[in-house]
Structures are given as structure tokens and as C-alpha cells.
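Student: I would like to go through this protein from its overall build down to single residues. Can we take it one question at a time?

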Amino acid sequence: MTRIFKIEPYHRELISKTSLLNFLSFLDTNEVELPVLLMDSERLKKKASAVGKNIRNSKVFYAVKANAADGVIELLDGMSLNFEIASEGELEPLEKVGVSADRIITSNPVKTFKFLKKAAEYGIKYYAYDSKDEVDKIAAMVPGAKVYVRLSVPNEGSEWPLSKKFGVEIDDGISLISYAAQKGLDPVGITFHVGSQCTNIYNWDNALYKAKVLWDLAAQKGIRMRVLNIGGGYPVKYTKNVVDIEEIEKNIDGFIKDLFPPDIDVFIEPGRGVVGDAGVFACQVIGKSKRGDENWLHIDVGVFNGLMESIGGIKYSYILEDTGGSKKSWTIAGPSCDGFDVIDRNVMLHEPEIGSMVLILSCGAYTNSYASEFNGFSIPKTLLI
Ligand SMILES: *Cc1c(COP(=O)(O)O)cnc(C)c1O
């Protein structure tokens, strides 16, 4: 059966015609169980080779938590990307494809004992910290490890801020760096995270200025650092336009060149920026209802089995089958019985039919990796096309 979809002009800025046609012909010619997360390998390759391109001396570590599907890991491994992980569960897919320890870093500033033990056994050398306790843990379990301190930086303008949970101010940073050295660790550098889906280019400027102050204080104490880890945060387009990665990186590169010694290593840890706009959920309308003056559209993927970020404010774009229906404003809900399972409100869409297919764009990051089987709805499979 060939389905006809209603393509709006704004869709074209979110997905290329080739990509869309590939997905649709795949769905037409294969028996695919819905919902499913389709990943465009070409797009993924393009993004993976674009990140880091405009920052001198940079090394890219893909943040596995954004999408840990085997196919994604295999593809990125094949492109010789490096990886950033936070748990033994994230090490597993890397171990499976044989990623060596020198291509893996771990930047979660508070790690479990279980993970530290596993990481040490695997031979991972780079670790983040933002407390004395973490320095003690790392010193005990991975003696001599290379460590970078997590600096707290402004997250204004990031749609998914991470600022409050981690990071220290400069004063604490400098005493922690000295403490790490005392404990026999190698305090190689500084890290920060400007917040995920960071649409404010100035966040990087502020973060780099702050890192520079700490960098110089360490140098005054005789600690020569070599690694500046700028974390993740590169945005992808969901509905609104975002600054592109090239522009962000050229800006960052300029600041690094002005502020830091020329021979430092720059680590970048993009997650969303690599996989976010390469994924599309293909799902189905399972119900419609009118409650008061609200039109409800029930689909088979929701907050619990893939679209968790919708509750944090990520607004997705939808492509519906053209069933000849007129445009209406919809409240879109997932399949579970939970009242929390509402993905979006006031979305203007042509009225679909029960069983119509819905494509949700830019779903490659933080979807399946966040998903649970709550209420018995299975986590959609991830397929690379
Ligand atoms: C989540 C995370 C990333 C990836 O962030 P994105 O916004 O997806 O690029 C990178 N580094 C650390 C330490 C993280 O926690």
C-alpha cells in the first residue's frame, strides 16, 4: 500500500526529500511493526563528520546516552568517532564492537562504584570530577587516572539545562585540582556543559572565559593542564530554527585560539547534535476524541515509550498521512493510561483517520534511550536505513 503524506513547507527545512522518500519507501516495502525509530544513516554520517571540523586540535567523543542503539554505535565506530559514557550499560555496546579504551572517556562527575570498577578494568583513562569525594573514589579505584574538573557554567537559552546538578565555581575548582594532584591523579583539564539543545551561542563564550580563569590559576600553582573538554549542547532543529554547528564551532574555535595555549587538546562530546535530526518515529493514530472543546489525538508512542523530552518542553514536528481531513488544533497523547502522557498541545494538523501513519521528525536523540516499558508498551525498535 502506498501512503500519501501531507508535506508542509516547514517540513522541508527539517528533513530532506531524499531522506523522507527513503523512509517512506522502506515503510512501504517492508513489514515493519509500528512504532519504530528509523535512523537515516547518510544523515548520521554527515553529522558525525561535521562535528569537530571547525575546532582546531579537537577530538569528538559521541555522548552515548543520546542514542545507544547498536546500529548507531557501529556506524559511529566505523567512522572512528570516540565515545563518552557514564555507566557500565553504555560500555556494553562499545565493548561489543571492540572500541578500545583509549577512545572512551567518562564525564559524569558522580559515578557509581560498579561503573568505576568496570571502567578501570576496561582501561579507561579519562574521568570527570566535581567534588573531593569523587577524587577519593577515582584515586582509590583508578590510581593515576587523568581527570578534568567540571566547572559550573550558565545554561541560559538551553532548552534542556543541566546547570544546577553538576559543576563547581572557580574557587572550589582550583582547590579540587590541587587536591586531585595530591591524591596522585593527573589533573589534565577542565570540562563544562552549556546545557543540551543550546540555542544561545554566548553560553560557550561565557563558559570559555570562566574556564580560562581556572586554567590560569592552575598554571600559577604549577599545574600545566592540556585538555579542554567543552561537553555537548549542539542543537538540532525541532520546530524552531537553530544556529548551525559550523557557526557555533567557528565561534568556539576563535575563543579557544585567543584564550588558551595553542597546543591543547579540545574534547567535544556532542550527543543530540550527532543523532538528533537523523531519526524519525513512524507511529500510528490509535484514537481520536473530543473532550470539551479540545481535540485529542492518541498515538502509539508517548512520553513513556520514546517522547520523554516532550515534558521538558521539546516540541516535535509531525507529518501525517493525507486523508482529506481539515485542519484542526490537537492535543497529542501517548498510548499509556497515565494522565502525564501528553506530548503536545495546540498542534495544527489535518484530521487523520484511525490507523493513519504519523511521522515525528528529529527523534534521533533522547527518545528510545529514555524510553521505558511502562504500562506494557514496548520500546520501539531502532532501524538504520
Ligand atoms: C549528556 C551529555 C553530553 C551530550 O549532550 P548533548 O546536549 O546531547 O550534546 C555530553 N557530555 C556530558 C557530560 C553529558 O552529560
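What follows is a set of questions and answers on a predicted model.

Student: How many helices and strands does the secondary structure of the protein come to?
Tutor: The model is predicted, so the elements are read from predicted coordinates. The count for the protein is 10 helices and 19 strands.

Student: What radius of gyration does the protein have, and why does it agree or disagree with a compact globule?
Tutor: The C-alpha atoms fill a box of roughly 70 × 40 × 40 Å along the principal axes. A compact globule of 385 residues would have a radius of gyration near 21 Å, and the value for the protein agrees with that because it is 22 Å.

Student: What percentage of the contacts in the protein with a separation of 6 or more comes from residues 24 or more positions apart?
Tutor: As background, 56% of the 385 residues count as buried. Among contacts with a separation of 6 or more, the share from residues 24 or more positions apart is 72%.

Student: How far apart are the mean positions of the positive and negative charges of the protein?
Tutor: The protein exposes about 16,500 Å², of which carbon and sulfur atoms supply 51%. The charges number 44 positive and 51 negative, and their mean positions are apart by 2 Å.

Student: Which elements do the buried residues of H6 pack against?
Tutor: Helix H6 covers residues 132-141, and its buried residues are Glu134, Val135, Lys137, Ile138 and Ala139. The elements packed against are helix H5 (113-122), strand S6 (126-129), strand S7 (146-150) and helix H7 (170-182).

Student: Which helix holds both Asp216 and Lys212?
Tutor: The structure holds 26 salt bridges, and one of them joins the side chains of Asp216 and Lys212 at 2.9 Å, N to O. Asp216 is partly exposed at a relative accessible area of 28%, and Lys212 is partly exposed at 22%. The two residues are four apart, about one turn, and the element is helix H8 (residues 202-220).

Student: How many residues apart are Lys288 and Glu351?
Tutor: Lys288 forms a salt bridge with Glu351, the closest N and O atoms being 3.0 Å apart. The pair links distant parts of the chain, with Lys288 in strand S13 (residues 279-291) and Glu351 in the loop between strand S17 (342-350) and strand S18 (357-360); the separation is 63 residues.

Student: Which residues do salt bridges that share partners join into one network?
Tutor: Side chains of opposite charge can pair when their charged atoms come close. Here the salt bridges share partners, and the residues joined are Arg3, Asp28 and Glu321.

Student: Which residues does Ser378 touch, not counting residues up to four places away in sequence?
Tutor: Ser378 is in the loop between S18 and strand S19 (381-384), and is partly exposed with a relative accessible area of 45%. The C-alpha atoms of Ser378 and Asn305 are separated by 6.9 Å, although these residues are 73 apart along the chain. With the sequence neighbours left out, the residues touched are Asn305 and Glu373.

Student: What is omega for the peptide bond that joins Leu34 and Pro35?
Tutor: Pro35 is placed in the loop between helix H1 (17-29) and strand S2 (36-39). The bond joining Leu34 and Pro35 is cis, with omega about -5 degrees.

Student: Is Tyr366 buried or exposed, and what is the relative accessible area?
Tutor: Tyr366 is in the loop between S18 and S19, and its phi is positive, near 50 degrees, in a residue other than glycine. Ser362 is placed in the loop between S18 and S19, has a positive phi of about 55 degrees, and counts as buried at 3% relative accessibility. Buried means under 20% relative accessible area, so Tyr366 is buried, at 8%.

Definitions and conventions. Residues numbered from 1 in each chain as written. Predicted model: local features only at pLDDT ≥ 70, side-chain atom pairs only at ≥ 80, totals over all residues. Heavy atoms only, no water. Rg over C-alpha atoms; globule rule 2.2 N^0.38 Å. Buried < 20%, exposed > 50% of the residue type's maximum accessible area, 1.4 Å probe, protein only. Contact = heavy atoms within 4.5 Å. Areas by Shrake-Rupley, 256 points an atom, 1.4 Å probe, with all protein chains shown as cover. Lys, Arg positive; Asp, Glu negative; His and termini not counted. Charge placed at Lys NZ, Arg CZ, Asp CG, Glu CD. Salt bridge = Lys/Arg side-chain N within 4 Å of Asp/Glu carboxyl O.
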